[in-house]
Amino acid sequence: MSMFARTTLDQQNRRVEWLVKTLFLMMTVLLIVPVVLIMGILIQRGAPVLSWGFLTEVPTNGMTAGGIFTALIGTVWIVTVALIASVPIGVAAAVYLSEYAPDNWLTRAINLAIINLAGVPSIVHALFGLGAFVVFFGFGRSILAASLTLAVMTLPIVIVATRESLQAVPHAFREACWNMGATRWQTIRKVVLPNSISGILTGVILEVSRTAGETAPIMFTGAAAFLPFLPQGVLDQTMAMSLHLYVVSTQVPDVPDALPFGVALVLISMVLVMNATSIAFRVYLRNKRKW
Amino acid sequence: MPADVQADALPGSIADDFNTRGRDWYVDRAVSVGVFVGGVSAIIFIIGIFIFVTREGLGFALGTLDLKEFFTSMNWRPTSERNPTYGILALMAGTASVTGLAMLVAVPFSLGAAIYIAEFASGRMRESLKVLVELLAAIPSVVWGFIGMSIMNPLIIDMFDVPVGLSVLNAGVILGLMAAPIMTTIAEDALKAVPDAYREAAEAMGATRWQVVFKVVLPAAKNGLMAAVLLGVGRGFGETMAVLMASGHAINIPTSPFDSVRALTATIAAELGDTARGSDHYGVLFTLGIFLFVVTFVINLTADIVVKGVGKKQ
């Protein structure tokens, strides 16, 4: 028997290897398949409701008929205001953490705060929004209060994505720029940010997706169950897609079975399309990157 | 100009050039202050959350509330006219049972999936699985709640022949499916953080793949995996809409997975809309908020410490 022939132990190991690999693959599949099936059911039962009218008409008959126009536009308002508030702060925070922050207790505290902002339950963010923006700052129940609540909640998404893309820019780029006599900020503005802008954008898209889907934080801060008209400004209340799904599936009697499926389908399509865009963008960038 | 260039040490004429504190210098200063403010904003916000939630709830928590009753009574009757009681024992049991079942579902599967994706899958397969898992994590909680009500509910009633399908089982499975992708992603990161040299050393000794995984990678990634589980628990504990819609929302200490329960988070979401600011009911819901905040803070802090422990060793 040659030295390299397979021993019984080898064969046994191989069998175990195959078993383990298959087991883990099955676990992965079992994690994904139910969700894919559920999506299939959502599409099958929601698709018949979808039409151009569903997207462009306001809800009628106590929300048992008509479309979702006011909720869609409301979500666009909430997301836009939340982005205006959180993107500048998030990018600034990421620039600080990536370009300026020394390795000290304060930086550690900031990182811990970011983890906690992401980890605090959404309903606690709702209580914060109510206590701070609605009551203390006196914005009342409004788009502004709801959006600021969501902005605080989704800040970690922008910070983490931006920090990662800033850190992906090689340090040599910065050194080359400093050697030309540029200031720290000139270096960041002319070299670091342009090289990471697309990475920042993927983070922003993720934030949009998250903001559009959140329900609890806006329930008591600015989203209304039903409004027959569109908001005129940031101090108005508004309907929103996520809350609309909750309301038509739990609060309203005699809703046709298919209607909430339609709402869920539109909401989930919005979210998944944005996430897929963000992922595709990231893959494209990774392939394009020259360093 | 980089801050560390010592202008004073340079010959006169050059030093003069460097010493011109022109517009660029001031802009640079202003920006460094601006980004610093952005940086500490995360700390300001987390403190702000604590302060504002406490501000609305503390008066009640210290004044009217009997803390012993709060944690040990299972009677949650905040709207009773004559004798309102505020016991959260049943609500804690609801949260614990749903989160527990969710972890039972999610922990083995997400760790298994993470191991497969990080250690066994390769190339296109790995990339597709990662993307799929990431997409699963993006599904909003209200959609999960709706799935629990409209798809899982009739399914459970049919399969187990029970009268109600909104229960610990329903909410637990939904929550498990929700938490699994996040735990998979974090666990996979933890496995990736194990240096390849460890794997190579084991393989050079003749270890097979699964031996490498079980004897080398898993022990080395232990802390990161624990953190992944902890963050999953935190996620389950804090989840609101899905649990509100799928658990049946009945005050109950469950004795079987088919019992309806009510979670701490769901209670706030369901009742806050009906309370007047300053009332006892309003106060007790904010007290619940303080409790939730503190518990999740501790969970996140623990996860952070567990992960940092690993960082020191390597």
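Helix α12 (residues 264-271) of chain B is mostly covered, with six of its eight residues buried, where a residue is buried if 20 or more other C-beta atoms lie within 10 Å of its own, exposed if 12 or fewer, and partly exposed in between, the C-beta atoms being placed from the backbone. The buried residues of α12(B) are Leu264(B), Thr265(B), Ala266(B), Thr267(B), Ile268(B) and Ala269(B); helices (H or I, at least four residues) and strands (E, at least two) are DSSP runs, numbered from the N terminus. This is a predicted model, in which local features need pLDDT of at least 70 and side-chain atom pairs count only at pLDDT 80 or more, whereas totals for chains, interfaces and linings use all residues. Residues are numbered from 1 along each chain as its sequence is written, and chains are lettered from A and ligands numbered from 1 in the order in which they are written.

**Confidence**

- For the complex, the predictor gives an ipTM of 0.90 together with a pTM of 0.89.
- Chain B has a mean pLDDT of 88, and 92% of its residues reach 70 or more, pLDDT being the predictor's confidence in each residue, from 0 to 100.

**Chain A**

- Chain A contains 11 helices and two strands, and along the sequence these follow the pattern α-α-β-β-α-α-α-α-α-α-α-α-α.
- Chain A has a radius of gyration of 24 Å, well over the 19 Å that the globule rule gives for 291 residues, so it is more spread out than a compact globule; the radius is taken over C-alpha atoms, and the rule is 2.2 Å times the number of residues to the power 0.38.
- Taken along the principal axes, the C-alpha atoms of chain A fill a box of roughly 80 × 65 × 35 Å, and 50% of its 291 residues are buried.
- Of the contacts in chain A with a separation of 6 or more, 75% are between residues 24 or more positions apart, two residues being in contact if their C-beta atoms, placed from the backbone, lie within 7 Å.

**Two positive phi angles in chain A**

- Met63(A), although not a glycine, has a positive phi of about 65°; Met63(A) sits in the loop between β1 (59-60) and β2 (65-66) of chain A, and it counts as buried because it has 22 C-beta neighbours inside 10 Å.
- Asp254(A), also not a glycine, has a positive phi of about 60°; Asp254(A) is placed in the loop between α10 (241-251) and α11 (258-288) of chain A, and it counts as exposed because it has 8 C-beta neighbours inside 10 Å.

**Chain B**

- Chain B has 13 helices and two strands, and its radius of gyration of 26 Å is well over the 20 Å that the globule rule gives for 314 residues, so chain B is more spread out than a compact globule.
- The C-alpha trace of chain B spans about 85 × 60 × 35 Å along its principal axes, and 47% of the 314 residues of this chain count as buried.
- In chain B, 69% of the contacts between residues at least 6 apart in sequence join residues at least 24 apart.
- The domain assignment divides chain B into domain 1 (7-63) and domain 2 (88-313), with bounds that come from an automatic or database domain assignment.
- The centres of domain 1 of chain B and domain 2 of chain B, taken over C-alpha atoms, are separated by 36 Å, and the contact between these domains takes nine residues from domain 1 and eight residues from domain 2.
- On the side of domain 1 of chain B that touches domain 2 of chain B there are five nonpolar, three polar and one charged residues, where Ala, Val, Leu, Ile, Met, Phe, Trp, Tyr, Cys and Pro count as nonpolar, Asp, Glu, Lys and Arg as charged, and the others, Gly among them, as polar.

**Interface between the chains**

- In the contact between the chains, 73 residues of chain A meet 75 residues of chain B, and helix α1 (residues 8-46) of chain A supplies the largest share of the chain A side, 16 residues.
- The side of chain A that touches chain B divides by class into 53 nonpolar, 16 polar and four charged residues.

**Nonpolar core**

- The largest nonpolar core has 189 residues, and those with the most contacts inside it are Ile78(A), Leu245(A), Ala264(A), Val143(B) and Ile174(B); such a core is a set of buried Ala, Val, Leu, Ile, Met, Phe, Trp, Tyr and Cys residues joined through C-beta atoms within 7 Å.
- Helix α4 (residues 89-120) of chain B gives the largest share of this core, 18 residues, and the core lies between domain 1 (7-63) and domain 2 (88-313) of chain B because both give residues to it.
- Not counting residues up to four places away in sequence, Ile78(A) touches Ile143(A), Ala146(A), Ser147(A), Leu150(A), Thr211(A), Ile218(A), Thr238(A) and Ala240(A).
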